[in-house]
Amino acid sequence: MCKIIAIANQKGGVGKTTTTGNLGIGLAKQGKKVLLIDADAQGSLTASLGFTEPDKLEETLATVMVKAVNNEPIEAGYGILKHKEGIDLMPGNIELSGLEVSLVNVMSRELVLRSYIEEVRAEYDYILVDCMPSLGMITINALACADSVLIPVQAAYLPVKGLEQLIKTIGKVKRQINPKLEIEGILLTMVDSRTNYAKDIAALLVENYGQKVRIFKNSIPISVRAAETSAEGVSIYQHDPKGKAAGAYQSLTEEVLGNE
């Protein structure tokens, strides 16, 4: 059984892409077959995995979705890039911006990504979708095909307040499009554990959402080494295997596996 997890937050800069890459590679290290889908027009996940010019790629998530809209066959392995740490990647690039606009006139426009995922899900244990920082049509497509949503939140007051809108949207998608959608959990990122502020934010999160939503025990510390991985094209496990961030992502991977 393949599990599909959308990694979403309409606020940018909260660690979605880093989390998608490191969680995906963490799952692959545990022997799972993993596909990462870059559903962000900025192509950050694609670039951070070493494919440095996403806009020059000819086969991407945008071309896959256009094929799905036009009912064209998608050959096995179409567009998929292989990463040296054992994961597959469906890259994303700027063409997703144009697609976002043109989907407005498409029938069943929320289900375009689902039709692609149904074709490939038998080959994987996990499919992780890195969503763009908006609640637009591509993100709705990701929520419409996901089993669960993992929400990274920066340990600061405003990002935590901004969760309301996202949780409402997830509830709406669950009611109207995808009844099996659940929240995998809220993950605190960029945590500076030396400060009381980080502890206060964690407490605020538990107070506001702890009753309704699972909050991961593990949080991701603020880490220069984790930020550097984007330029290196490798995961934190290769770049700084003994560091705090690698340990935190390892623990997160175990928590996600324990959720099965």
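Helices here are DSSP runs of H or I with at least four residues, and strands are runs of E with at least two, both numbered from the N terminus. What we have on the screen is a predicted model, in which local features need a pLDDT of at least 70 and side-chain atom pairs count only at pLDDT 80 or more, while totals for chains, interfaces and linings use all residues. Residues are numbered from 1 along each chain as its sequence is written, and side-chain values use heavy atoms, with hydrogens and water left out.

Let me start with helix 1. Gly 31, which follows helix 1, has a positive phi, near 90°. If buried means under 20% relative accessible area, exposed over 50% and partly exposed in between, with a 1.4 Å probe and protein chains only, then 12 of the 14 residues of helix 1 are buried, among them Lys 16, Asn 22 and Leu 27.

A pocket, on a 1 Å grid over the protein atoms alone, is an open set of points where a 1.4 Å probe fits, with protein on both sides within 12 Å along at least five of seven lines, and its lining residues have an atom within 4 Å of a point. Of the 25 lining residues, Val 14, Gly 15, Lys 16, Thr 18 and Met 190 are the closest to the centre of the largest pocket. Helix 1, helix 2 (44–48), strand 5 (126–131) and helix 10 (224–232) each supply at least two residues of that lining.

Now to the charged pairs. Taking a salt bridge as a side-chain nitrogen of Lys or Arg within 4 Å of a carboxyl oxygen of Asp or Glu, the count comes to 11. In one of them, the side chains of Glu 184 and Lys 3 meet at 2.9 Å, N to O. Because Glu 184 lies in strand 7 and Lys 3 in strand 1, this pair ties together parts that are 181 residues apart in sequence. Glu 184 counts as buried at 4% relative accessibility, and Lys 3 counts as buried at 17%.

Glu 255 and Arg 214 form another salt bridge, with their closest N and O atoms 3.0 Å apart. Here Glu 255 sits in helix 12 and Arg 214 in the loop between helix 9 and helix 10, so the parts tied together are 41 residues apart in sequence. Glu 255 is buried at 10% relative accessibility, whereas Arg 214 is partly exposed at 28%.
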